[in-house]
Amino acid sequence: MSKIKTFLNLIEKVNFNYIKLILIFLLLKTSPCFATNNLIINIKDTKIILEGNFIQGGLVKGKVNKDLDIKFKEKVLRKTSDGSFVIGFGRDHPKEANLYFFINQNWILKKLDIKQRKYKTQVINGLEKKMVTPPESFWDRIKKENKVIKEVRSLDSAVDFIFQKFDWPTKGIISGVFGSQRILNGKPKRPHYGVDIAAPEGTDILAPTEAIVRMAEKDLYYTGGTVMLDHGHGVTSVYSHLSSITVKVGDKINKDQKIGEVGSTGRSTGPHLDWRINWFSERLDPALFIKNK
Ligand SMILES: [Zn+2]
């Protein structure tokens, strides 16, 4: 930033205002843009309001006449009694998103522009070998655990907690960001879908909104102590590496209610919370849920 400042100062002296404008324009174009956008779509007599992050990892909330059906990714979307719905765009979502509205007995397509992101590369060395490539004796266990996680993520619950404001689940230092490509002990692995928040062991983890607890497991192979929360409409969140869990499956919990404590269980190099959010199988960026509200 300081280089840019110096450059701007220099230009100030020369007083070439139009160059300054071009520069600011270029800066705005190249810096990552996480601002929420509003979009109003009018199809015939139907008005559709969309608001959110039209970007990879983003969530968009919409509102329509409650009798209008909407389809996205082959799914007819759940709506609240007042016609609100949500759609999410995964880490690698293409530039175009196809949203369909059922109007006058036809599915009408509306294309949305989805901003493409560049992700960081994260190199982690010195992990125990069995944690990078699990030994065959653990494969069955991992498969079973992944199946349960997948089932939770496929839920389309009628609760409307997703329309509440999200807060950070714990305080700490961001030590890992959404989407980064991980190279573990020199091997390229699946991207990191969570936001990592480094905090001392035992730090409270609080529910970011109201939710229903769908998983409360002490010891999963990768994620150790793991809690999964259901915010409704296909949006679930995961809290990993917990040292203790203070809720149980089926609990309806309030916003800011304690769900557990930060730890380093499972595949972890130190105490931190790994926080993830999904819209069904689409991986979303938790940081976007906070910044723009
Ligand atoms: Zn993580």
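**Strand pairing, then the whole chain**

I began with β15, and found that six bridges join β15 to strand β16 (residues 224-232), the two running antiparallel. The model I am reading is a predicted one. Looking at what lies between these two strands, I noted that β15 and β16 make a hairpin, with three residues separating them.

I then checked β15 (residues 211-220) against strand β19 (residues 252-253), and found them joined by two bridges and running antiparallel. Here Ala 211 has Ile 253 of β19 as its bridge partner.

Next I turned to another group of strands, where four of them form an open sheet with antiparallel pairing, in the order β5-β4-β7-β8. I saw that β5 (75-76) and β8 (106-113) stand at the edges with a single partner strand each, so one side of each is left without a neighbour in the sheet. Within this sheet I looked up strand β4 (residues 70-72) and strand β7 (residues 96-103), which pair in the antiparallel sense over three bridges. The bridge partner of Ile 70 is Phe 101, in β7.

Last, I stepped back to the chain, which holds five helices and 22 strands. I noted that buried residues make up 32% of its 293 residues. As for contacts between residues at least 6 apart in sequence, I recorded that 63% join residues at least 24 apart.

Technical notes. Residues numbered from 1 in each chain as written. Predicted model: local features only at pLDDT ≥ 70, side-chain atom pairs only at ≥ 80, totals over all residues. Helix = DSSP H or I, 4+ residues; strand = E, 2+ residues; numbered from the N terminus. Buried ≥ 20, exposed ≤ 12 C-beta atoms within 10 Å, placed from the backbone. Contact = placed C-beta atoms within 7 Å. Pairing = 2+ DSSP bridges.
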